[in-house]
Amino acid sequence: MQLFPNLLSPIQIGKTTVKNRIFMPPLSTNLAEKGYVTDALIEHYSNRAKGGVGLIITEVTTVEPVYTYLPGDMSIYDDSYIPGWKKLVDAVHQYDTKILSQLFHPAYMAFPIPGTPQLIAPSNVGPYYAKSAPRPVTVEELHTIIKQFGDAAYRFKQAGGDGVEIQAAHAHGLLGGFLTPLYNKRTDEYGGLAPDLGSNQGNSETVRGRFCDGCAHFR
Ligand SMILES: Cc1cc2nc3c(=O)[nH]c(=O)nc-3n(C[C@H](O)[C@H](O)[C@H](O)COP(=O)(O)O)c2cc1C
């Protein structure tokens with residue numbers, strides 16, 4: 001423990017105090033059913049809490065109904081998901097463990113479930129394994145999606161959750177794609193190497209501003 005003297009001491013994140021610095025990163029399990037929390041998911045996460053993890057970040061959780069990342073992924077795109085999430089949050093909180101939901105839009109990485117419309121992406125570029133090119137998401141659709149992220153954050157708050165993590169990593173999914181020139185070849189205000197994800201609080205016309213409309217519930 002000498003190498004990590006602060007590992008077991010609390011840490012303040014915003015208004016939340018996490019009891020130690022052992023965090024569980026997001027790891028997809030495919031244990032959800034039609035996006036709903038299952039007993040298996042509750043057991044999986046509450047066992048980590050029981051084991052002493054201070055903060056759990058859940059696996060990817062989709063914020064809208066049209067595109068599925070993997071069939072067993074978690075969702076929170078309407079209010080019917082709140083009771084299941086509440087059960088999960090309560091199970092983890094029993095052990096004084098905090099929990100964030102990892103909000104995600106799969107976009108060009110959505111699973112090809114029959115009936116899925118043409119996949120969307122920042123531009124008409126998809127991953128190497130895609131059978132056909134995605135279409136660029138429109139600005140109007142983006143405004144809807146941004147609101148969906150905010151609404152999803154609010155639902156998680158209603159379930160008693162401690163906060164959300166926005167998945168924008170690994171050049172994965174819609175937001176990860178916007179952050180890399182490999183996928184983002186747009187020339188509008190969402191183009192460029194660093195699109196307007198962060199021109200900061202308060203401006204509800206920016207992506208972050210609209211996320212924050214939902215995420216503000218955690219401040
Ligand atoms: C089976 C598996 C599922 C994963 N699921 C997610 C996920 O849902 N969301 C995410 O952001 N990262 C996911 N990851 C990435 C892990 O969170 C990441 O590997 C972890 O943070 C460890 O980071 P490192 O590999 O840099 O040490 C997954 C990784 C694996 C192996």
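A: A nonpolar core is a set of buried Ala, Val, Leu, Ile, Met, Phe, Trp, Tyr and Cys residues joined through C-beta atoms within 7 Å. Buried means that 20 or more other C-beta atoms lie within 10 Å of the residue's own, exposed means 12 or fewer, and partly exposed is in between, with C-beta atoms placed from the backbone. The model is predicted: local features need pLDDT of at least 70, side-chain atom pairs count only at pLDDT 80 or more, and totals for chains, interfaces and linings use all residues. Numbering runs from 1 along each chain as its sequence is written.

The largest nonpolar core has 46 residues, of which Trp85, Leu88, Val92, Leu103, Ala107 and Phe149 touch the most other members. Elements giving two or more residues to this core include helix H1 (39-50), strand S4 (55-62), helix H2 (82-93), strand S6 (98-104) and helix H3 (139-158); helices (H or I, at least four residues) and strands (E, at least two) are DSSP runs, numbered from the N terminus. H3 gives the largest share, seven residues.

Ala107 touches Tyr67, Leu119, Ile120, Ala121, Gly173, Leu174 and Gly177, leaving aside residues up to four places away in sequence. Contact here means C-beta atoms, placed from the backbone, within 7 Å.

As for confidence, pLDDT (the predictor's confidence in each residue, from 0 to 100) averages 90 over the protein chain, and 87% of the residues score at least 70. Over residues 198-207 the pLDDT is below 50, although this stretch has 15 contacts in the model beyond near neighbours in sequence. Where pLDDT is low, the predicted coordinates should not be read in detail.

How values were computed
Two residues are in contact if their C-beta atoms, placed from the backbone, lie within 7 Å.
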